[in-house]
Amino acid sequence: MVLKELCLLRGVSGDEGRVRDFIKSHIKAHADRTWTDPIGNLMAYKKGTEGKKHVLLAAHMDEVGFMVLGINDNGLLSYEPVGGVDARVVVSKPVLVGEKEVPGVIGAKAIHLQTRAEFEKVLKHEDLYIDIGASTKEKAEKLVSVGDYVSFRSDWREFGAGLVKVKALDDRVGCMTLMSLLENEYPCDITCAFTVQEEIGLRGAACVGHNVEADEAVILEGTTSNDLGDVPAHLRVCRVGAGVAISFMDRASVSCRPVWQSLRDVAAEEGVAWQLKQSVSGGNDAGEIQLARAGVPTGVLSVPCRNIHSGASVAAFSDIEAQYRLADSYLRRQ
C-alpha cells in the first residue's frame, strides 16, 4: 500500500529527500513535467484536456521530529523538537537517529526518583533525553552526530472499524491523494506541489505560491480531530470517520468563499461524506499560497487525525477516500 510506504519513510522538516525520491519515482510516468525547486519542493505539471483553468494542488512531505543538539558525557543525547511536538507525547517513545537509523528511546528521570514537585510538573523537552545505549560520549559519537535528524519509530497498524495507526499521517495522506490525482485526466491544467518544511513555517509553500501561476489552489492536509474523551461537541475540531473536513478559516488563512462553497456543493452533489472543520486552529500551506503574487483563491480539504504530531496518529480509511473523491470530483468540474 502506497500510504503505508509513505508514512514509514523518514522525512522530518528539512530532510524530506527519501519521501521526495519515492514520490517522484511513482509520478513521473503520469506527469507532463516534474522538477524540484532549489528549496526541495517536488512539482508535477499535467496539461488538461481543455486548459481553461490552472489549479494548484499542494500537500507537504515533511513530518515533525527532532534534531540532536548535544552528546553528553554519559552517552545520552540532548535534542530540540523540529515542528510542534508536545513533550508529553514523547516520553518512553522509540526513535531513529541519523542516517544510520540508530535506534533510541526518549526518556526521563524514573518516577521512583522524582521529587513531589518534579512529579507534579509537566516535563519539558529540556528535561528529556535520547538513550541510544551508549555509555560514554565517545561511544555515542561513533554512532551519531550533533545535527542529526531524529524521527519517531512507528509501525503500521490497522485496527477497529477501518482505522490505521502510524506516524506522519500529517501529511502523507495528502501526498498519496496528489499521487492518485495525477493518474487521472482533467479539463483543467494541474500542478501538484509536494512541499517541504510546512511544519516549521510553511516555507516550501511560500516558494510554490510565488513560482506557480495558478488561478486557484486546493491544499490537501491532515488535521487534528480533538474528538476523544468527553470533549463537548462544539469544541471538537472534526470527527474521525465522519468524512473529509472542509475548512472555512484557520490561524494561517481564510478560505476563498467561492472555492469553499463550491467544494461543499460538489460534495453534496456527488454524495461525498464531508464535515466542517469547526475550530479556527492550526495552519497549513494555504497561509502562504493565498498571499502569493496578487493573491491566490484557496480551499483546504483535510483528513481528521487523532494524536496528530506524534508517533501514533490515527485516521480512518473512509476519510482518506473522501478526500480523494472530493478533490477528484472538484477537478472534473473545472
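Student: Which strand does β3 run parallel to, and how many bridges join them?
Tutor: The model is predicted, so local features need pLDDT of at least 70 and side-chain atom pairs pLDDT 80 or more, while totals for chains, interfaces and linings use all residues. Residues are numbered from 1 along each chain as its sequence is written, and side-chain values use heavy atoms, without hydrogens and water. Strands (E, at least two residues) and helices (H or I, at least four) are DSSP runs, numbered from the N terminus. Two strands pair if DSSP finds at least two bridges between them. Here β3 (residues 54-60) runs parallel to β12 (residues 189-195), joined by seven bridges. In this pair, His 60 of β3 stands opposite Thr 195.

Student: In what order do the eight strands stand in the sheet?
Tutor: The order is β1-β2-β12-β3-β13-β16-β14-β15, in an open sheet with mixed pairing. β1 (33-36) and β15 (274-276) are at the edges with a single partner strand each, so one side of each has no neighbour in the sheet.

Student: At what angle do the axes of α2 and α5 cross?
Tutor: Axes are lines fitted to C-alpha atoms, for helices over the stretch in contact, and angles between N-to-C directions run from 0 to 180 degrees. Helix α2 (residues 17-27) and helix α5 (residues 169-181) cross at roughly 20°, their axes coming within 10 Å. α2 and α5 are therefore roughly parallel (an angle under 35 degrees).

Student: Which residues of α2 and α5 meet?
Tutor: Contact means heavy atoms within 4.5 Å. Val 19, Phe 22, Ile 23, His 26 and Ile 27 of α2 meet Arg 172, Cys 175 and Met 179 of α5.

How values were computed. Parallel < 35°, antiparallel > 145°, perpendicular 65-115°, else oblique.
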